[in-house]
Amino acid sequence: MPVLYSDLLLDHFRHPRNYGSLEAPDVSYEAFNPLCGDRIRIEVKLDNEIISEARFKGDGCAISMAAASLLTELIVGKEMISDEELISALQSDIQPARIQCAILPLTALRDGLEHR
Amino acid sequence: MDELFQDIQKLAQAEKRVAMATLVTTRGTSPKREGAKMWVGEEGRILGSVTIGGCVDARVIAESEKVLSSSEPRLVEMKLADEDAWEIGFSCAGDLDVLIEPVDLANPNGNVFDLYRTVQTAVDRGRRAVIATSLKDSSLKLLIVEGEEVSGTLGTPALDSEAQSVATDLMRKRRSGTVSLGPDSLPVFFEVHGPPPTLIVFGAGHVSMPLVSLAHDLGLKTIVVDGRPRFATRERFPDVDELLIGIPSEIAETLAYTSSTFVVLTAHDYKYDLPVLKVVLPAKPAYVGLLGSKRRGAAIKEFLKDGGMDESLLNQLHVPTGLDIGADSASEIALSILAETVAIKSGRGK
(Lines give C-alpha, C1' and ligand atoms only; values in the text may rest on other atoms or scores of the structure.)
Protein backbone atom coordinates (compact mmCIF):
# COMPACT_ATOMS: atom_id res chain seq x y z
CA MET A 1 0.00 0.00 0.00
CA PRO A 2 1.64 3.27 -1.06
CA VAL A 3 2.01 6.00 1.59
CA LEU A 4 0.23 9.33 1.22
CA TYR A 5 3.40 11.22 0.23
CA SER A 6 6.38 8.94 -0.36
CA ASP A 7 9.93 9.93 0.54
CA LEU A 8 10.63 9.99 -3.17
CA LEU A 9 7.80 12.47 -3.81
CA LEU A 10 8.91 14.70 -0.95
CA ASP A 11 12.52 14.55 -2.10
CA HIS A 12 11.58 15.62 -5.64
CA PHE A 13 9.45 18.44 -4.17
CA ARG A 14 12.22 19.69 -1.89
CA HIS A 15 15.03 19.11 -4.40
CA PRO A 16 13.49 19.32 -7.87
CA ARG A 17 15.59 17.87 -10.69
CA ASN A 18 16.01 19.68 -14.00
CA TYR A 19 14.44 22.87 -12.70
CA GLY A 20 15.06 25.71 -15.12
CA SER A 21 14.98 26.49 -18.81
CA LEU A 22 16.57 25.17 -22.00
CA GLU A 23 18.29 27.32 -24.55
CA ALA A 24 16.25 27.16 -27.77
CA PRO A 25 13.86 24.36 -26.75
CA ASP A 26 11.82 22.61 -29.45
CA VAL A 27 8.80 22.70 -27.17
CA SER A 28 7.96 25.12 -24.36
CA TYR A 29 4.47 24.95 -22.96
CA GLU A 30 2.71 26.04 -19.82
CA ALA A 31 -0.28 24.36 -18.21
CA PHE A 32 -2.17 25.56 -15.18
CA ASN A 33 -5.00 24.58 -12.93
CA PRO A 34 -7.42 27.52 -13.11
CA LEU A 35 -8.74 27.08 -9.60
CA CYS A 36 -5.87 25.99 -7.40
CA GLY A 37 -3.22 27.98 -9.25
CA ASP A 38 -0.63 25.28 -9.96
CA ARG A 39 1.31 26.45 -13.01
CA ILE A 40 4.01 24.34 -14.69
CA ARG A 41 6.06 25.04 -17.82
CA ILE A 42 7.79 22.11 -19.55
CA GLU A 43 10.59 22.60 -22.06
CA VAL A 44 12.10 19.80 -24.15
CA LYS A 45 14.55 19.23 -26.96
CA LEU A 46 13.70 16.61 -29.57
CA ASP A 47 15.89 14.28 -31.59
CA ASN A 48 13.76 12.56 -34.25
CA GLU A 49 10.67 12.86 -32.04
CA ILE A 50 12.58 11.37 -29.10
CA ILE A 51 12.98 13.71 -26.14
CA SER A 52 16.67 14.30 -25.53
CA GLU A 53 16.52 16.96 -22.79
CA ALA A 54 13.79 18.24 -20.47
CA ARG A 55 13.46 21.09 -17.99
CA PHE A 56 10.59 22.55 -16.02
CA LYS A 57 9.67 25.65 -14.10
CA GLY A 58 6.63 26.37 -12.03
CA ASP A 59 4.93 27.02 -8.74
CA GLY A 60 2.71 24.21 -7.60
CA CYS A 61 1.78 21.82 -4.84
CA ALA A 62 4.11 19.05 -3.70
CA ILE A 63 2.45 16.52 -6.04
CA SER A 64 2.59 18.63 -9.20
CA MET A 65 6.15 19.81 -8.55
CA ALA A 66 7.39 16.30 -7.77
CA ALA A 67 5.56 14.94 -10.82
CA ALA A 68 7.19 17.56 -13.05
CA SER A 69 10.61 16.81 -11.62
CA LEU A 70 10.14 13.05 -12.10
CA LEU A 71 8.75 13.55 -15.60
CA THR A 72 11.89 15.37 -16.71
CA GLU A 73 13.90 12.30 -15.66
CA LEU A 74 11.55 9.63 -16.98
CA ILE A 75 10.83 11.18 -20.36
CA VAL A 76 14.39 11.45 -21.66
CA GLY A 77 14.96 8.87 -24.42
CA LYS A 78 11.21 8.42 -24.97
CA GLU A 79 8.44 9.95 -27.07
CA MET A 80 5.90 9.99 -24.26
CA ILE A 81 4.86 8.19 -21.09
CA SER A 82 1.34 7.50 -19.86
CA ASP A 83 -0.50 9.12 -16.97
CA GLU A 84 -0.36 5.81 -15.13
CA GLU A 85 3.40 5.53 -15.48
CA LEU A 86 3.94 8.99 -13.99
CA ILE A 87 1.45 8.49 -11.17
CA SER A 88 2.94 5.11 -10.36
CA ALA A 89 6.46 6.59 -10.33
CA LEU A 90 5.42 8.96 -7.53
CA GLN A 91 5.05 5.86 -5.25
CA SER A 92 2.29 7.63 -3.33
CA ASP A 93 -1.39 7.22 -2.68
CA ILE A 94 -2.62 9.91 -5.04
CA GLN A 95 -6.29 10.54 -4.26
CA PRO A 96 -8.72 11.00 -7.19
CA ALA A 97 -9.10 14.70 -6.44
CA ARG A 98 -5.33 15.15 -6.83
CA ILE A 99 -4.85 13.23 -10.09
CA GLN A 100 -5.08 16.58 -11.89
CA CYS A 101 -2.07 17.79 -9.92
CA ALA A 102 -0.02 14.71 -10.78
CA ILE A 103 -0.69 14.83 -14.51
CA LEU A 104 -0.42 18.63 -14.93
CA PRO A 105 3.19 18.43 -16.24
CA LEU A 106 2.21 15.69 -18.68
CA THR A 107 -0.70 17.83 -19.87
CA ALA A 108 1.78 20.65 -20.52
CA LEU A 109 4.08 18.32 -22.45
CA ARG A 110 1.30 16.75 -24.55
CA ASP A 111 -0.27 20.11 -25.36
CA GLY A 112 3.12 21.55 -26.15
CA LEU A 113 3.97 18.74 -28.58
CA GLU A 114 0.57 19.13 -30.20
CA HIS A 115 0.87 22.92 -30.60
CA ARG A 116 4.47 23.08 -31.76
CA MET B 1 8.14 63.21 -5.82
CA ASP B 2 6.05 62.66 -8.92
CA GLU B 3 4.22 65.86 -8.05
CA LEU B 4 7.50 67.80 -8.02
CA PHE B 5 8.47 66.67 -11.51
CA GLN B 6 4.95 67.30 -12.77
CA ASP B 7 5.08 70.84 -11.36
CA ILE B 8 8.39 71.50 -13.11
CA GLN B 9 7.01 70.21 -16.41
CA LYS B 10 3.86 72.32 -16.07
CA LEU B 11 5.83 75.46 -15.31
CA ALA B 12 8.33 74.84 -18.09
CA GLN B 13 5.46 75.04 -20.59
CA ALA B 14 4.27 78.44 -19.35
CA GLU B 15 7.12 80.24 -17.59
CA LYS B 16 10.66 81.19 -18.60
CA ARG B 17 11.92 81.82 -15.07
CA VAL B 18 10.62 80.69 -11.70
CA ALA B 19 11.66 80.99 -8.09
CA MET B 20 11.90 77.63 -6.37
CA ALA B 21 11.21 77.90 -2.64
CA THR B 22 12.24 74.88 -0.58
CA LEU B 23 11.48 74.29 3.09
CA VAL B 24 14.98 73.34 4.30
CA THR B 25 14.78 73.53 8.08
CA THR B 26 11.99 73.34 10.64
CA ARG B 27 12.33 73.99 14.37
CA GLY B 28 9.40 73.02 16.52
CA THR B 29 6.35 71.61 14.87
CA SER B 30 5.52 72.28 11.24
CA PRO B 31 2.64 71.29 8.98
CA LYS B 32 5.04 70.28 6.20
CA ARG B 33 8.26 68.35 6.21
CA GLU B 34 11.63 69.51 4.95
CA GLY B 35 11.69 69.26 1.19
CA ALA B 36 8.25 70.83 0.61
CA LYS B 37 8.35 73.15 -2.39
CA MET B 38 6.60 76.17 -3.78
CA TRP B 39 7.13 77.62 -7.23
CA VAL B 40 6.55 81.25 -8.10
CA GLY B 41 6.72 82.09 -11.78
CA GLU B 42 7.90 85.34 -13.31
CA GLU B 43 4.48 85.57 -14.97
CA GLY B 44 2.75 85.10 -11.63
CA ARG B 45 1.93 81.39 -11.58
CA ILE B 46 2.14 79.68 -8.19
CA LEU B 47 2.36 75.95 -7.57
CA GLY B 48 2.87 74.03 -4.34
CA SER B 49 3.28 75.28 -0.81
CA VAL B 50 5.91 75.22 1.92
CA THR B 51 3.38 75.53 4.74
CA ILE B 52 -0.39 75.30 4.92
CA GLY B 53 -0.86 78.52 3.01
CA GLY B 54 -1.89 81.85 4.49
CA CYS B 55 0.53 84.58 5.57
CA VAL B 56 3.66 82.43 5.63
CA ASP B 57 3.27 81.34 2.03
CA ALA B 58 2.40 84.95 1.17
CA ARG B 59 5.74 86.06 2.55
CA VAL B 60 7.50 83.33 0.57
CA ILE B 61 5.79 84.63 -2.57
CA ALA B 62 6.95 88.18 -1.82
CA GLU B 63 10.52 86.98 -1.18
CA SER B 64 10.40 84.89 -4.37
CA GLU B 65 9.58 87.98 -6.40
CA LYS B 66 12.66 89.69 -4.94
CA VAL B 67 14.76 86.65 -5.90
CA LEU B 68 13.45 86.81 -9.45
CA SER B 69 14.27 90.55 -9.65
CA SER B 70 17.79 90.20 -8.29
CA SER B 71 18.51 86.72 -9.72
CA GLU B 72 20.18 86.03 -6.38
CA PRO B 73 19.12 83.13 -4.14
CA ARG B 74 18.28 83.85 -0.53
CA LEU B 75 17.67 81.93 2.66
CA VAL B 76 14.63 83.29 4.45
CA GLU B 77 14.24 82.64 8.16
CA MET B 78 10.74 82.83 9.53
CA LYS B 79 10.73 83.05 13.27
CA LEU B 80 7.15 82.78 14.32
CA ALA B 81 6.40 83.72 17.88
CA ASP B 82 3.52 81.79 19.41
CA GLU B 83 1.37 84.98 19.48
CA ASP B 84 1.96 85.54 15.78
CA ALA B 85 1.17 81.94 15.06
CA TRP B 86 -2.09 82.23 16.95
CA GLU B 87 -2.96 85.49 15.23
CA ILE B 88 -2.43 84.17 11.72
CA GLY B 89 -4.00 80.84 12.45
CA PHE B 90 -0.74 78.98 11.98
CA SER B 91 -1.37 76.41 14.62
CA CYS B 92 2.01 74.69 14.49
CA ALA B 93 4.14 77.64 15.66
CA GLY B 94 7.41 76.29 14.30
CA ASP B 95 10.31 78.33 12.95
CA LEU B 96 11.15 77.73 9.34
CA ASP B 97 14.04 78.33 6.95
CA VAL B 98 13.11 78.54 3.30
CA LEU B 99 15.72 78.57 0.54
CA ILE B 100 14.56 80.46 -2.54
CA GLU B 101 16.52 80.00 -5.77
CA PRO B 102 15.96 81.42 -9.24
CA VAL B 103 15.53 78.76 -11.93
CA ASP B 104 15.90 79.45 -15.63
CA LEU B 105 13.46 77.15 -17.41
CA ALA B 106 14.20 78.53 -20.86
CA ASN B 107 17.92 77.68 -20.75
CA PRO B 108 18.11 74.55 -18.65
CA ASN B 109 21.61 73.39 -19.52
CA GLY B 110 23.82 73.33 -16.47
CA ASN B 111 21.40 74.96 -14.04
CA VAL B 112 19.04 73.73 -11.31
CA PHE B 113 16.38 72.69 -13.84
CA ASP B 114 18.95 70.46 -15.53
CA LEU B 115 19.84 68.96 -12.15
CA TYR B 116 16.22 68.02 -11.50
CA ARG B 117 15.93 66.45 -14.93
CA THR B 118 18.91 64.25 -14.03
CA VAL B 119 17.20 63.32 -10.75
CA GLN B 120 13.97 62.50 -12.56
CA THR B 121 15.83 60.21 -14.98
CA ALA B 122 17.40 58.38 -12.03
CA VAL B 123 14.05 58.04 -10.24
CA ASP B 124 12.39 56.78 -13.43
CA ARG B 125 15.05 54.06 -13.51
CA GLY B 126 14.08 53.07 -9.96
CA ARG B 127 17.07 54.74 -8.27
CA ARG B 128 17.23 57.09 -5.33
CA ALA B 129 18.99 60.43 -5.61
CA VAL B 130 19.98 63.23 -3.24
CA ILE B 131 20.74 66.86 -4.03
CA ALA B 132 22.97 68.30 -1.30
CA THR B 133 22.95 72.12 -1.28
CA SER B 134 25.16 74.40 0.82
CA LEU B 135 22.91 76.84 2.65
CA LYS B 136 25.83 79.33 2.82
CA ASP B 137 26.17 79.35 -0.97
CA SER B 138 23.38 77.52 -2.77
CA SER B 139 25.35 77.46 -6.03
CA LEU B 140 27.44 74.73 -4.37
CA LYS B 141 25.55 71.50 -4.96
CA LEU B 142 26.45 67.84 -4.92
CA LEU B 143 24.30 65.27 -6.73
CA ILE B 144 24.41 61.74 -5.33
CA VAL B 145 22.63 59.06 -7.37
CA GLU B 146 22.43 55.54 -6.00
CA GLY B 147 25.01 53.34 -7.74
CA GLU B 148 26.49 56.15 -9.83
CA GLU B 149 29.38 58.62 -9.64
CA VAL B 150 28.64 61.82 -7.73
CA SER B 151 28.66 65.13 -9.59
CA GLY B 152 29.16 68.72 -8.46
CA THR B 153 30.77 69.77 -5.18
CA LEU B 154 30.06 71.39 -1.82
CA GLY B 155 33.48 73.09 -1.92
CA THR B 156 35.99 70.53 -0.67
CA PRO B 157 36.56 66.78 -1.15
CA ALA B 158 36.19 66.27 2.62
CA LEU B 159 32.73 67.88 2.63
CA ASP B 160 31.73 65.87 -0.45
CA SER B 161 32.81 62.65 1.21
CA GLU B 162 30.93 63.42 4.43
CA ALA B 163 27.88 64.43 2.41
CA GLN B 164 27.84 61.06 0.63
CA SER B 165 27.67 59.23 3.97
CA VAL B 166 24.84 61.46 5.19
CA ALA B 167 23.02 61.05 1.86
CA THR B 168 23.18 57.25 2.08
CA ASP B 169 21.65 57.35 5.56
CA LEU B 170 18.89 59.78 4.53
CA MET B 171 18.10 57.74 1.40
CA ARG B 172 17.48 54.77 3.66
CA LYS B 173 15.19 56.86 5.87
CA ARG B 174 13.56 58.50 2.83
CA ARG B 175 13.76 61.83 4.64
CA SER B 176 15.05 65.23 3.47
CA GLY B 177 16.69 67.54 5.98
CA THR B 178 19.48 69.93 6.89
CA VAL B 179 22.68 68.53 8.44
CA SER B 180 25.80 70.43 9.56
CA LEU B 181 29.00 69.21 7.94
CA GLY B 182 32.71 69.70 8.53
CA PRO B 183 34.66 71.46 11.29
CA ASP B 184 32.83 74.73 10.62
CA SER B 185 29.37 73.11 10.85
CA LEU B 186 28.40 74.12 7.32
CA PRO B 187 24.61 73.74 7.02
CA VAL B 188 23.77 71.55 4.03
CA PHE B 189 20.26 70.70 2.86
CA PHE B 190 19.83 67.13 1.63
CA GLU B 191 16.85 66.73 -0.70
CA VAL B 192 15.98 63.06 -1.06
CA HIS B 193 14.19 61.71 -4.12
CA GLY B 194 13.21 58.17 -4.94
CA PRO B 195 10.77 55.98 -6.80
CA PRO B 196 7.20 56.08 -5.50
CA PRO B 197 6.37 53.40 -2.95
CA THR B 198 5.15 50.25 -4.62
CA LEU B 199 3.02 47.47 -3.17
CA ILE B 200 3.49 44.07 -4.78
CA VAL B 201 0.81 41.56 -3.83
CA PHE B 202 1.33 37.88 -4.57
CA GLY B 203 -2.08 36.22 -4.65
CA ALA B 204 -5.27 37.62 -6.13
CA GLY B 205 -7.61 36.37 -3.42
CA HIS B 206 -10.29 38.16 -1.42
CA VAL B 207 -7.90 40.01 0.96
CA SER B 208 -5.92 41.37 -1.97
CA MET B 209 -8.91 43.23 -3.42
CA PRO B 210 -9.42 45.73 -0.56
CA LEU B 211 -5.65 45.75 -0.01
CA VAL B 212 -5.04 47.09 -3.51
CA SER B 213 -7.94 49.57 -3.36
CA LEU B 214 -6.75 51.01 -0.04
CA ALA B 215 -3.13 51.10 -1.21
CA HIS B 216 -4.23 52.98 -4.31
CA ASP B 217 -5.98 55.56 -2.11
CA LEU B 218 -2.78 55.92 -0.08
CA GLY B 219 -0.84 56.78 -3.25
CA LEU B 220 1.05 53.52 -3.67
CA LYS B 221 1.74 52.02 -7.05
CA THR B 222 0.22 48.53 -6.97
CA ILE B 223 1.11 45.25 -8.68
CA VAL B 224 -0.84 42.00 -8.31
CA VAL B 225 0.69 38.65 -9.28
CA ASP B 226 -1.12 35.33 -9.58
CA GLY B 227 -1.11 32.20 -11.70
CA ARG B 228 -4.87 32.15 -12.09
CA PRO B 229 -6.43 34.29 -14.84
CA ARG B 230 -9.88 33.85 -13.30
CA PHE B 231 -8.76 35.56 -10.11
CA ALA B 232 -6.33 38.18 -11.40
CA THR B 233 -8.87 40.23 -13.34
CA ARG B 234 -9.48 43.95 -13.86
CA GLU B 235 -13.01 43.43 -12.62
CA ARG B 236 -11.71 42.27 -9.25
CA PHE B 237 -8.86 44.82 -9.18
CA PRO B 238 -10.14 48.00 -10.85
CA ASP B 239 -7.49 50.20 -9.17
CA VAL B 240 -4.42 48.06 -9.77
CA ASP B 241 -1.55 49.50 -11.82
CA GLU B 242 -0.22 46.17 -13.08
CA LEU B 243 -1.83 42.75 -13.17
CA LEU B 244 0.69 40.00 -13.89
CA ILE B 245 -0.36 36.42 -14.61
CA GLY B 246 2.13 33.57 -14.85
CA ILE B 247 4.42 31.54 -12.64
CA PRO B 248 4.54 33.81 -9.57
CA SER B 249 8.15 33.08 -8.55
CA GLU B 250 9.30 33.64 -12.13
CA ILE B 251 7.47 36.98 -12.25
CA ALA B 252 8.98 37.81 -8.85
CA GLU B 253 12.44 37.49 -10.42
CA THR B 254 11.60 40.13 -13.01
CA LEU B 255 10.37 42.80 -10.58
CA ALA B 256 12.48 45.58 -9.07
CA TYR B 257 12.81 45.75 -5.29
CA THR B 258 13.96 48.98 -3.69
CA SER B 259 13.75 50.51 -0.24
CA SER B 260 10.34 51.81 -1.40
CA THR B 261 8.94 48.38 -2.28
CA PHE B 262 6.46 46.62 -0.01
CA VAL B 263 5.67 42.98 -0.69
CA VAL B 264 2.69 41.12 0.73
CA LEU B 265 1.96 37.44 0.12
CA THR B 266 -1.74 36.77 0.48
CA ALA B 267 -2.14 33.43 -1.31
CA HIS B 268 -2.06 31.54 2.00
CA ASP B 269 -0.68 28.62 0.03
CA TYR B 270 2.82 27.19 0.32
CA LYS B 271 2.95 26.57 -3.42
CA TYR B 272 3.25 30.32 -3.97
CA ASP B 273 4.63 31.41 -0.61
CA LEU B 274 7.78 29.25 -0.60
CA PRO B 275 9.10 29.93 -4.11
CA VAL B 276 8.20 33.63 -4.01
CA LEU B 277 9.86 34.14 -0.61
CA LYS B 278 13.02 32.49 -1.97
CA VAL B 279 13.19 35.29 -4.53
CA VAL B 280 11.83 38.23 -2.56
CA LEU B 281 13.59 37.97 0.83
CA PRO B 282 17.16 38.08 -0.60
CA ALA B 283 16.15 41.11 -2.70
CA LYS B 284 15.65 43.04 0.59
CA PRO B 285 12.63 45.25 -0.14
CA ALA B 286 11.37 47.62 2.57
CA TYR B 287 8.83 45.09 3.81
CA VAL B 288 7.82 41.47 3.26
CA GLY B 289 4.60 40.33 4.91
CA LEU B 290 3.00 36.90 4.82
CA LEU B 291 -0.66 36.24 5.48
CA GLY B 292 -1.02 33.43 7.99
CA SER B 293 -0.74 32.48 11.61
CA LYS B 294 2.46 32.50 13.67
CA ARG B 295 2.42 28.71 13.55
CA ARG B 296 2.16 28.64 9.78
CA GLY B 297 4.84 31.31 9.57
CA ALA B 298 7.18 29.23 11.72
CA ALA B 299 6.66 26.20 9.46
CA ILE B 300 7.36 28.27 6.32
CA LYS B 301 10.51 29.73 7.90
CA GLU B 302 11.67 26.27 8.95
CA PHE B 303 11.26 24.98 5.41
CA LEU B 304 13.20 27.91 3.97
CA LYS B 305 15.89 27.52 6.62
CA ASP B 306 16.28 23.82 5.70
CA GLY B 307 16.69 24.97 2.12
CA GLY B 308 19.65 27.10 3.14
CA MET B 309 18.12 30.53 3.61
CA ASP B 310 20.01 32.75 6.00
CA GLU B 311 18.44 33.37 9.39
CA SER B 312 18.90 37.14 9.01
CA LEU B 313 16.74 37.10 5.87
CA LEU B 314 14.08 35.00 7.56
CA ASN B 315 13.93 37.53 10.38
CA GLN B 316 12.83 40.16 7.84
CA LEU B 317 9.60 38.27 7.21
CA HIS B 318 6.58 39.80 8.94
CA VAL B 319 4.21 36.97 9.78
CA PRO B 320 1.39 37.39 10.52
CA THR B 321 1.43 40.42 8.24
CA GLY B 322 -0.21 43.59 9.56
CA LEU B 323 -0.56 45.37 12.86
CA ASP B 324 -2.53 43.59 15.54
CA ILE B 325 -5.74 45.63 15.48
CA GLY B 326 -8.12 42.71 15.87
CA ALA B 327 -8.80 42.62 12.13
CA ASP B 328 -11.39 40.11 11.01
CA SER B 329 -12.90 40.94 7.62
CA ALA B 330 -10.86 41.16 4.42
CA SER B 331 -11.02 44.97 4.51
CA GLU B 332 -9.88 45.10 8.12
CA ILE B 333 -6.98 42.76 7.38
CA ALA B 334 -6.05 44.98 4.42
CA LEU B 335 -6.16 48.02 6.71
CA SER B 336 -3.92 46.32 9.28
CA ILE B 337 -1.38 45.38 6.57
CA LEU B 338 -1.27 48.90 5.18
CA ALA B 339 -1.03 50.38 8.67
CA GLU B 340 2.11 48.30 9.17
CA THR B 341 3.58 49.39 5.83
CA VAL B 342 2.89 53.05 6.72
CA ALA B 343 4.69 52.51 10.03
CA ILE B 344 7.67 50.98 8.20
CA LYS B 345 7.66 53.79 5.66
CA SER B 346 7.81 56.45 8.34
CA GLY B 347 10.50 54.62 10.29
CA ARG B 348 8.23 53.49 13.12
CA GLY B 349 7.92 49.84 12.21
CA LYS B 350 9.68 46.96 13.89
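Two strands count as paired here if DSSP finds at least two bridges between them. Helices (H or I, at least four residues) and strands (E, at least two) are DSSP runs, numbered from the N terminus. The model is predicted, so keep in mind that local features need pLDDT of at least 70, that side-chain atom pairs count only at pLDDT 80 or more, and that totals for chains, interfaces and linings use all residues. Residues are numbered from 1 along each chain as its sequence is written, while chains are lettered from A and ligands numbered from 1 in the order in which they are written.

**View 1. The antiparallel sheet of chain B.** This open sheet has 5 strands in the order 3-2-1-5-4, with antiparallel pairing. Strand 3 (46-48) and strand 4 (74-78) of chain B sit at the edges with a single partner strand each, so one side of each has no neighbour in the sheet. On average, neighbouring strands are turned by 20° against each other, direction ignored (axes are lines fitted to C-alpha atoms, for helices over the stretch in contact, and angles run from 0 to 180 degrees between N-to-C directions). Zoom in on strand 1 (residues 17-27) and strand 2 (residues 37-41) of chain B: they run antiparallel and are joined by 5 bridges. B:Ala21 has B:Met38 of strand 2 as its bridge partner.

**View 2. The parallel sheet of chain B.** Here 6 strands form an open sheet in the order 13-12-11-14-15-16, and the pairing is parallel. Its edges are strand 13 (242-245) and strand 16 of chain B, each with a single partner strand, so one side of each is left without a neighbour in the sheet. Strand 11 (residues 198-202) and strand 12 (residues 221-226) of chain B run parallel and share 5 bridges. B:Thr198 stands opposite B:Lys221 of strand 12.

**View 3. Helix 11 of chain B.** Helix 11 (residues 330-345) has 16 residues, and at 1.5 Å a residue it should span 22 Å, which agrees with the 22 Å between its end C-alpha atoms (the expected span is 1.5 Å times one less than the number of residues). Which residues of helix 11 of chain B are buried? They are B:Ile333, B:Ala334, B:Ile337, B:Leu338, B:Glu340 and B:Thr341. These cover an arc of only 155° around the axis, which puts them on the same side of helix 11 of chain B. The arc is that of the directions from the helix axis to the C-beta atoms. A residue is buried if 20 or more other C-beta atoms lie within 10 Å of its own, exposed if 12 or fewer, and partly exposed in between, with C-beta atoms placed from the backbone. Helix 11 of chain B lies across strand 14, strand 15 and strand 16 of chain B, at about 160° to strand 15.

**View 4. Where chain B meets chain A.** The contact takes 13 residues from chain B and 11 residues from chain A (two residues are in contact if their C-beta atoms, placed from the backbone, lie within 7 Å). On the chain B side, helix 7 (248-254) and helix 8 (270-283) each supply at least two residues.

**View 5. Helix 1 of chain A.** In helix 1 (residues 7-14) of chain A, the buried residues are A:Leu9, A:His12 and A:Phe13. Their arc around the axis is only 100°, which puts them on the same side of helix 1 of chain A. Helix 2 (62-74) of chain A is included in what covers them.
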